[in-house]
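I opened my notebook to look at how this chain is put together.

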Amino acid sequence: MPLRAVIFDVDGTLAETEEAHRAAFNRAFAEAGHCWHWTVDAYRDLLRVTGGQLRIRAYLDAIGEAATPDEIALLHRRKNRIYADLVESGAVQLRPGVARLIAEARRAGLLVAIATTTSRSNIDALLAHALPQDAVRFDAIFAGEDVTAKKPDPEVYQKVLAALGIAAGDAIAIEDSRNGLLAATACGIATVITPSVYSAGEDFTEARLVTPDLERPRAIDLAALARLIDEPDSAEYAVAEIPDG
Ligand code: XBP
Ligand code: MG
């Protein structure tokens, strides 16, 4: 089966964005006069809930505080504005190998797409400020607003496959989290995991390959991705061999 498409997750995969998201949530809470503050450890747990609005709701439920859907939506809009400002100020860079792999895929005539639970405005900010301009064209982008159920539900991947007009076996997904891995593999898409600062240590059993990033311990190129589809057992290194850092 030839490789026809590479589908990227956004947060944690294209870039280590979650510290910027966390800072933006905390600033939005403070501006609104709330004493809520999400520490790194608290945020690691909260990331199990995908989608910022659902994450705020889950947090408030856990601490027994009430908020209307409109109040949560307003807070979340402000958080996304703060996040975009952080991205525009250069707070977020692409992870190693991302720009190279996108460029290789484009040169080879492959389809390149995004499947994410984040808001579309966050993708726009990242594409405008963190990606080289020749890499910002994607053949399909599906975001949090485009689905009724966020990852780990497979809906976002199903929509990307339908938009690209390809079968699950023609694509590779690049993800960083268990929720993303479950979403992609539920669709039947072979998945490469590059764990992020927040997802390191999660269970990646279903992944075809787990590697620290797309450059280490060796560059993941299109030939390597195609091998993962053709010869599912071809991964030359596995979770246990990943060095720290
Ligand atoms: C990660 C997420 C997102 C971000 C915040 O999604 O769960 O919710 O943390 O984004 P992915 P929003 O890795 O699939 O990109 O606040 O816009 O939801
Ligand atoms: Mg992610």
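Buried area here means the accessible area, taken with a 1.4 Å probe, that two parts lose on being put together, summed over both. I note at the start that this is a predicted model.

**Entry 1: domains**

I looked up the domain assignment. It gives domain 1 as 5-16 + 94-230 and domain 2 as 18-88. I then checked the spacing: the C-alpha centres of domain 1 and domain 2 lie 24 Å apart.

How much area do domain 1 and domain 2 bury between them? I found about 1400 Å², with 54% of it on carbon and sulfur atoms. Asn 122, His 129 and Tyr 198 supply 45% of what domain 1 buries against domain 2, more than any other three residues. In residue counts, 15 from domain 1 are in contact with 19 from domain 2.

**Entry 2: H1 on H4**

I turned to helix packing. Two packed helices are described by the angle between their axes and the distance between the axes. For helix H1 (residues 18-31) and H4, I read an angle of about 130° and axes 8 Å apart. H1 and H4 are therefore oblique to each other, since only angles over 145 degrees count as roughly antiparallel. Their crossing is right-handed.

Which residues meet? H1 brings Ala 20, His 21, Ala 23, Ala 24, Phe 25, Arg 27, Ala 28, Phe 29 and Glu 31. H4 answers with Leu 75, His 76, Arg 78, Lys 79, Ile 82, Tyr 83 and Leu 86. By class I logged 10 nonpolar, 2 polar and 4 charged residues in this contact.

**Entry 3: H3 on H4**

Helix H3 (residues 52-63) also packs on helix H4 (residues 69-88): the axes come within 9 Å and cross at roughly 125°. That angle makes H3 oblique to H4. I noted the hand of this crossing as right-handed.

On the H3 side the contact uses Gly 52, Gln 53, Ile 56, Arg 57 and Leu 60. On the H4 side I listed Pro 69, Ile 72, Ala 73, Leu 75 and His 76. The class count is 6 nonpolar, 3 polar and 1 charged. Leu 75 and His 76 of H4 are also in the list for H1.

**Entry 4: cis peptide bonds**

Most peptide bonds are trans. I looked for exceptions. Lys 151 and Pro 152 are joined by a cis bond, omega about 15°. Pro 152 sits in the loop between strand S3 (140-142) and helix H7 (155-164).

The bond from Arg 216 to Pro 217 is cis too, with omega near -5°. I placed Pro 217 in the loop between strand S6 (209-210) and helix H9 (222-230).

Notes:
Residues are numbered from 1 along each chain as its sequence is written. Chains are lettered from A and ligands numbered from 1 in the order in which they are written. This is a predicted model: local features need pLDDT of at least 70, side-chain atom pairs count only at pLDDT 80 or more; totals for chains, interfaces and linings use all residues. Side-chain values use heavy atoms; hydrogens and water are left out. Axes are lines fitted to C-alpha atoms, for helices over the stretch in contact, and angles run from 0 to 180 degrees between N-to-C directions. Helices (H or I, at least four residues) and strands (E, at least two) are DSSP runs, numbered from the N terminus. Angles under 35 degrees count as roughly parallel, over 145 as roughly antiparallel, 65 to 115 as roughly perpendicular and the rest as oblique. A crossing is left-handed if the near helix is turned anticlockwise from the far one by less than a right angle, and right-handed if clockwise. Contact means heavy atoms within 4.5 Å. Ala, Val, Leu, Ile, Met, Phe, Trp, Tyr, Cys and Pro count as nonpolar, Asp, Glu, Lys and Arg as charged, and the others, Gly among them, as polar. Domain bounds come from an automatic or database domain assignment.
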